[in-house]
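Biologist: I have not looked at this one before. Can you put it up and take me through the side-chain contacts?

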Amino acid sequence: TNTNSPGPTFWINVFGSTSIASSVPTNNTFDRNLIENFYVNGIMNWYTNGDRINNNDISRINAGTTLPVNVHMGIRAEYMYGQGTGSRNFQINNNLIHDLPYNGSSASAGAATPYGIYTLFCYGASVSSQSEIDGNSIFNLRSTTFHYGFFGLYNYRMRITNNTIRNCESGSTSYSWSMYAYYHFDCNVDNNIIRANRPNSNYRGIHYGYSNGGTCSGNLITDNISTSTVNTYYYHYDLDVQYPTNSLISRNQIIANGTSNLSYLYSINHFYPTNSQLESNLIAKQLNYFYHYALYAYNWSNGGNNTIDNNTIDINYNSPYSTTYHLTMYIGGYSTTGPWKIRGNIVTQTSQNDFYNYMCYLFGQTTGFAEFDYNVFFSASTRTNLYFSGVGAGFVGTWPGIIPNAASNLNTGFAPIGATRNNIFVNPRFANIATNDYRPTSWRCNNSMPTVTGRDVTNAVRNPITSDRGCRENFT
């Protein structure tokens, strides 16, 4: 198309049969196309079976400053199948999707709501033969309202892996999402990189909700900052996990994300799980203004084996606000059928002047917590008031309520639910905080708990008998 033209409505448009798409292969391949202008969708693929959209470069860099339709998408896929005799797994792999709505656009000029990749009702063949959305790079999306790097709804038996979403901006208080994966069944949202995005205010890095089966593991979420210094009391979620069932959320690294004004920051939100595990995750160096929920978990009468094991949380940011609150481990338990097991976590504060830190705050009822053991709490700050709070006589009521000076040379044990192996004032002596090497080198944290998680944050196999506490094994 000519420079400054609005472009074709769809650059590539495939519309198959609604009646036979689920069983009859089409097996089309769209590979190595260069798309530099379009009006609605770069590539649209509906009702196909076994199609592959790989290695394409999709943008609007040849559009000048001409805007597309407000809601526009690099790749739009609906009812793609990868199943049936003679079919193959469908793929959306290794595509570059960038510079939407146009090259050099900003988050404040012109109406634009871009989606990098949009998927709806897409189906892989089986858990052992999944279809793929892998290795895509999505960057330079600019929105005056909101944007989605990846949008997925009602997808089945897919791998959404190794994708990078970076350098995207939004200009309003509407929520923007880097990765949205809702109602996914037997899907793996793994090893993606969400980096250097600049939403205006309300934001979700990875939103993983109402999923059954599968994993959300090995993702790196780093340097995503809500930029507004005008709007206040907005919400920034880095890993937002809601209503997972039979899911594993593990080995994610949430590092150096945050906000620029009074706001609510949730590093990990783990809400209403059923038979799901949250393990070997790292939260560190989060930029907090006002309220920071490092690990917020809540469960009301959901069943199964719900665990929070071997995670590391380090508060390592000096907020300019004196009324800064860290609810570092904030967990509500009400369930009698699937109560929490919380084991082997390390919670530390290695910064100096954050003012209030609820290092552990458990609320609900004692039947909501089946086990709380082998956890370590430590603060290097001499200026922070540390709080521990719980519920029920003999549960955590014996914990110290307020500790004005956490740098004292003490090693106090406390014993909720009969456990005697939790510790405060034990310095894990991380190997190298500057390089995000959070291996605990203290002998008190090494080989000091029965192994309950198979792999650490680097995907290394843990000691099978007794493991280190926290997200990373120290093999030296």
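Biologist: What does Arg76 lie over?

Modeller: Arg76 lies over the face of Tyr118, at 5.3 Å from the ring centre. Bear in mind that this is a predicted model.

Biologist: And Arg204, which ring is that over?

Modeller: Arg204 sits over the face of Tyr175, and the distance to the ring centre is 4.6 Å.

Biologist: OK, salt bridges. How many turn up in the whole structure?

Modeller: The search of the whole structure finds 11 salt bridges. One of them joins Arg159 to Glu132, with the closest N and O atoms 2.6 Å apart. Arg159 lies in strand 14 (residues 158-161) and Glu132 in strand 11 (residues 131-134), so the pair ties together parts that are 27 residues apart in sequence.

Biologist: Is Glu132 buried or exposed?

Modeller: Glu132 is buried, with a relative accessible area of 17%. Arg159 is partly exposed, at 29%.

Biologist: What does Glu169 bridge to?

Modeller: Glu169 forms a salt bridge with Arg142, and their closest N and O atoms are 3.7 Å apart. This pair also links distant parts of the chain, with Glu169 in strand 16 (residues 169-170) and Arg142 in strand 12 (residues 137-143), 27 residues apart. Glu169 counts as partly exposed at 26% relative accessibility, while Arg142 is buried at 11%.

Biologist: Which residue pairs with Glu473, and where are the two in the chain?

Modeller: The partner of Glu473 is Arg462, with the closest N and O atoms 2.8 Å apart. Glu473 is in the segment after strand 46 (466-467), and Arg462 is in the loop between strand 45 (449-450) and strand 46, 11 residues away. Glu473 is buried, with a relative accessible area of 4%, and Arg462 is buried at 3%.

Biologist: Switching to aromatics. How many pairs?

Modeller: There are 56 aromatic pairs in the whole structure. Among them are Tyr115 and Phe151, whose ring centres are 5.9 Å apart with the planes at 70°, so the pair is edge-to-face. Tyr115 lies in strand 10 (residues 113-120) and Phe151 in strand 13 (residues 148-156), so parts 36 residues apart in sequence are tied together. Both Tyr115 and Phe151 are buried.

Biologist: How are Tyr237 and Tyr266 arranged?

Modeller: Tyr237 and Tyr266 are stacked, 4.6 Å centre to centre with 20° between the planes. Tyr237 is in strand 23 (residues 234-242) and Tyr266 in strand 27 (residues 263-271), 29 residues apart. Tyr237 and Tyr266 are both buried.

How values were computed
Residues numbered from 1 in each chain as written. Predicted model: local features only at pLDDT ≥ 70, side-chain atom pairs only at ≥ 80, totals over all residues. Heavy atoms only, no water. Salt bridge = Lys/Arg side-chain N within 4 Å of Asp/Glu carboxyl O. Helix = DSSP H or I, 4+ residues; strand = E, 2+ residues; numbered from the N terminus. Buried < 20%, exposed > 50% of the residue type's maximum accessible area, 1.4 Å probe, protein only. Phe/Tyr/Trp six-rings, centres within 6.5 Å; stacked < 30°, edge-to-face > 60°. Lys NZ or Arg CZ within 6 Å of the ring centre and 35° of its normal.
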